[in-house]
Amino acid sequence: MEETAGGAPVDLTVIAFVILVAVLAGLGLMRLKQPPLVGFILAGVLLGPSGLGFVSTADENVTLLAEMGVLMLLFFIGMELSLKAFVATLKPALLIAGGQLAAAMAITFGLKLISDATYAEAIILGFIIALSSTVVAMKMLEDIGELRSEPGRIAVGVLIAQDLAVVPMLLVATSLGGSGEVAWFSLCLKIMVAVAVLAGLLWYLGRRPKLKPSFAAAVEDKVEILALGSLAFCFAAASVSGWIGLSPAYGAFIAGLVVGASTLRSPVIHVVEPIQSILLVVFFLSIGLLIDLDYIVENVELVAVAAVFVVLVKTIFNVLFIRLAGLPHKTAVEAGLSMAQIGEFSFVLAAAAYASRAIGGDVYRLALAVTAITLLVSPAWMALTRHIEGEARFGYRQFREALAEIYEDRVEDVEDLGFWLRVRGRALRRTYRRRRAARQRAAEERTAAGAGAAGEGEQPGE
């Protein structure tokens with residue numbers, strides 16, 4: 001009894017300390033103009049086995065809450081999703097997601113040719129690389145104000161297609177580790193069931209007005225009932241989906257679609273969003289816990305090269321496939337950068353494959369390290385690349401304008417190399433001066449806007 005009574009304050013102290021560190025890390029990253037999720041991941045590294053050891057990766061409570069955070073995210077996506085917009089982006093999303101998977105498989109099988117990796121490891125690593133993080137991508141798109149615009153719609157469509165693909169990926173990953181052959185008939189049957197249910201639900205909900213449950217009027221103003229009922233519906237659908245052999249995330253997404261097509265959509269979103277945010281913080285902390293600093297230090301070159309390679313290649317292929325789908329350059333850049341990391345479901349795939357002995361311990365630790373690092377650096381990579389790409393496009397446009405002004409009606413002599421260089425040198429100098437003037441005007445406008453806001457805040461007579 002004394003041990004229990006004495007242990008409780010310690011547990012509460014640890015929980016309070018974990019929350020405090022997570023909040024401080026999130027605030028610190030916000031001050032550095034980075035998404036707070038990066039701070040939550042760093043807090044997990046600091047508090048995990050590789051850091052102070054306050055929280056263990058074997059803590060089932062942390063794992064459970066992190067999984068609940070992922071389910072709540074997909075439930076929330078389903079609620080906020082516009083059925084018409086989703087159906088409109090479904091075809092390009094499937095093409096893009098299929099291209100991502102094909103490119104990832106080509107890369108991993110190419111690496112197999114120059115290494116001693118097995119076919120099973122090449123397939124599973126291809127699955128892992130192909131997936132992107134729904135959590136991180138949506139947060140980054142929301143931070144730049146593009147979540148509900150075309151880049152956000154395309155990215156969400158691709159991410160949902162990837163999340164649905166996790167079901168067959170998990171089945172293949174666990175089957176490859178067994179002594180028998182892959183049960184292709186059962187696998188194909190489950191995929192067809194998942195696709196049929198989703199297609200039928202989209203067709204049904206898209207052809208009728210908002211669903212109005214008989215109890216809607218009685219509960220729409222009851223915050224507690226809405227919160228508990230929404231959680232119960234989400235987790236019940238996830239449990240049924242997992243029980244019949246599909247992914248629990250698939251069931252949570254289906255539940256979100258149903259609620260989003262009802263008259264209770266707005267009040268449920270209002271009460272569920274804070275719960276979702278808290279669970280996602282735990283999810284980001286759990287990612288930090290998985291980062292094994294000792295392994296990374298021992299294999300720093302391999303991990304760094306692999307992480308940089310994955311981020312660069314995924315960015316290039318994402319932008320390429322989105323452009324090939326007929327979408328504009330801005331949409332391709334914004335959506336492509338948001339999906340440059342490896343996703344949260346890759347942790348689940350790696351764990352399932354390792355448990356079934358489809359991959360070895362070294363491959364498992366490398367996959368976890370690279371996945372965690374790409375999640376960690378993805379927000380900074382997006383911010384940096386968007387800035388460089390924007391500056392380059394602005395500078396190129398200004399350079400073309402300056403070049404046209406210098407040439408005017410003159411005809412260039414192609415053989416006169418000196419003239420060619422002088423003209424472009426003048427155009428570059430003119431572009432630099434205009435860019436510097438534009439920055440000065442922007443700074444003056446920000447200063448004037450700040451002074452105006454301060455003046456409006458003063459009360460008369462003070």
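Leu24 counts as exposed, because its relative accessibility is 52% and exposed means over 50% relative accessible area, buried under 20%, and partly exposed in between (1.4 Å probe, protein chains only). Leu24 lies in helix 1; helices are DSSP runs of H or I with at least four residues, numbered from the N terminus. The structure is a predicted model, in which local features need pLDDT of at least 70 and side-chain atom pairs count only at pLDDT 80 or more, while totals for chains, interfaces and linings use all residues. Residues are numbered from 1 along each chain as its sequence is written, and side-chain values use heavy atoms, with hydrogens and water left out.

A nonpolar patch on the surface includes Leu24, Leu12, Phe17 and Met30, and its members together have about 1100 Å² of accessible area. Areas come from the Shrake-Rupley method with a 1.4 Å probe, and for residues only the protein chains shown count as cover. Helix 1 (residues 2-31) gives the most to this patch, with nine residues.

Thr315, in helix 14, is buried, with a relative accessible area of 9%. Residues up to four places away in sequence not counted, Thr315 touches Leu337, Ala340 and Trp381, where contact means heavy atoms within 4.5 Å.

The chain averages a pLDDT (the predictor's confidence in each residue, from 0 to 100) of 78, and 79% of the residues score at least 70. Over residues 1-10 the pLDDT is below 50, and this stretch has zero contacts in the model beyond near neighbours in sequence. Confidence is highest in helix 14 (residues 300-324), at a mean of 92, and lowest in helix 18 (residues 417-457), at 64.

How values were computed
Helices (H or I, at least four residues) and strands (E, at least two) are DSSP runs, numbered from the N terminus. Patches are made of residues with over 30% relative accessible area and no salt bridge: like charges are joined within 9 Å, nonpolar side chains (Val, Leu, Ile, Met, Phe, Trp, Tyr) within 5 Å. A salt bridge is a side-chain nitrogen of Lys or Arg within 4 Å of a carboxyl oxygen of Asp or Glu.
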